[in-house]
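This report describes a structure in terms of its ligand shell, its sheet and a few single residues. The sequence and coordinates come first, followed by the description.

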Amino acid sequence: MFSWLKKDAVPSSPDELVLDPNNIPAHIAIIMDGNGRWAQKRHLPRVAGHKQGMDTVKTITIAASDLGVKVLTLYAFSTENWKRPEDEVNYLMKFPVDFFDTFVPDLIKNNVRVNVMGYLDQLPKQTQKAVYDAMADTKDCTGMVLNFALNYGSRAEITTAMTDIAKEVAAGQLKPDDITDDMISQHLMTASLGEYADPDLIIRTSGEERISNFLLWQMAYSEFVFMTPHWPEFTPELLQEAVYTYQHRKRRFGGLKNK
Ligand code: V07
């Protein structure tokens, strides 16, 4: 695996994907779609798909870290997901707890820091505790940031940012004409990611080709790769395939920058 990481690596066959280690997308964001459909196809309850999806989260986190990705953002639960059946929502809310109990030692071993963005105060108390514990226990890790979007919605995020900026204007701390795009970025939930706030590559699994209220401001110059496997079927090889596709795109940044 990752033969291209080895010094002087040569492809063992012409169709092996050889990645350029100097052009790994710094920030990859993934819409982990298709857990329910994966389960239904196998006549399993939807929650079985979510459970399998959690194992994929673990595998892909380590694979992304090994690739040299700086930030991996995973869309775990959207502000719209509350509309799902109550039982399913209750089940989903236990994931951060389970994740914390079973995976934090591996994250520390791999020097991965957990960050969570979203409206966390609306989550059940034990879910909040698991999230804050995962962040606290990995706070000294200096490698990849595993950034969960949990109870996240991009329009709500932008609305909150606009309200905060309007309050600064009303208080006389800021003039309307002094508002810049950098300043807006600074008020979004990705601000703490610094230079990596905007995703370079957005992947959506399960064949759906839409954005579903995810990182609307931050995706201004992102590359999109839509893949057909359901999230529980996603593998490190498919992640590499997406990176390979990314590396063969020409990014233009609206003609502002060139790579
Ligand atoms: C969830 C697993 C992935 C497939 C999609 C749905 C189910 C990890 C988390 C998580 C979130 C915050 C945190 C630690 C872990 C998670 C939900 C669902 C709601 F600090 N996986 N996962 N959260 N699934």
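The ligand is surrounded by 17 residues, and the closest are Asn35, Leu92, Phe99, Val116 and Leu150; a residue is near a molecule or strand if one of its heavy atoms lies within 4 Å of it. On its own the ligand has 510 Å² of accessible area, and the protein covers 98% of this. Such areas come from the Shrake-Rupley method with a 1.4 Å probe, and for residues only the protein chains shown count as cover.

This is a predicted model, in which local features need pLDDT of at least 70 and side-chain atom pairs count only at pLDDT 80 or more, while totals for chains, interfaces and linings use all residues. Residues are numbered from 1 along each chain as its sequence is written, and side-chain values use heavy atoms, with hydrogens and water left out.

**Ligand shell**

By class, the shell around the ligand consists of 14 nonpolar and 3 polar residues, with no charged ones. Here Ala, Val, Leu, Ile, Met, Phe, Trp, Tyr, Cys and Pro count as nonpolar, Asp, Glu, Lys and Arg as charged, and the others, Gly among them, as polar. At least two shell residues each come from α2 (46–67), β2 (71–78), α4 (95–109) and β4 (145–152). The largest share, 4 residues, is supplied by α2. Helices (H or I, at least four residues) and strands (E, at least two) are DSSP runs numbered from the N terminus.

Asn35, one of the closest residues to the ligand, is found in helix α1. Asn35 has a relative accessible area of 10% and is therefore buried; buried means under 20% relative accessible area, exposed over 50%, and partly exposed in between (1.4 Å probe, protein chains only). Apart from neighbours within four places in sequence, Asn35 is in contact with Arg46, Gly49, His50, Gly53, Trp231 and Pro232, where contact means heavy atoms within 4.5 Å.

**The sheet**

Six strands form an open sheet with parallel pairing, in the order β3-β4-β2-β1-β5-β6. The edges are held by β3 (113–117) and β6 (223–226), each of which has a single partner strand, so one side of each is left without a neighbour in the sheet. On average, neighbouring strands of this sheet are turned by 20° against each other, direction ignored. Helix α2 packs on the sheet and touches β1, β2 and β4, and its direction makes about 160° with that of β2. Axes are lines fitted to C-alpha atoms, for helices over the stretch in contact, and angles run from 0 to 180 degrees between N-to-C directions.

Two strands pair if DSSP finds at least two bridges between them.

| Strand pair | Bridges | Sense | Residues standing opposite |
|---|---|---|---|
| β3 and β4 | 5 bridges | parallel | Asn115 and Asn147 |
| β1 and β2 | 5 bridges | parallel | Ile28 and Leu72 |
| β1 and β5 | 4 bridges | parallel | Ile30 and Ile203 |

Met117 also has a bridge partner in β4, namely Ala149. In β3, 4 of the 5 residues are buried, so this strand is largely enclosed by the rest of the structure. In β1, 5 of the 5 residues are buried, so β1 is likewise largely enclosed. In a regular strand the side chains alternate between the two faces of the sheet. Both faces of β1 are covered, with His27, Ala29 and Ile31 buried on one side and Ile28 and Ile30 buried on the other.

**Single residues**

Met32 lies in the loop between β1 (27–31) and α1 (35–41). Met32 is buried, at a relative accessible area of 14%. Beyond neighbours within four places in sequence, Met32 is in contact with Val57, Leu74, Tyr75, Ala76, Thr205 and Trp231.

Phe103 is placed in helix α4 and counts as buried at 3% relative accessibility. Leaving out neighbours within four places in sequence, Phe103 is in contact with Lys58, Thr61 and Ile62.

Asn111 lies in the loop between α4 and β3 and counts as partly exposed at 29% relative accessibility. Leu215 is found in the loop between β5 (201–204) and β6, and is buried with a relative accessible area of 0%.
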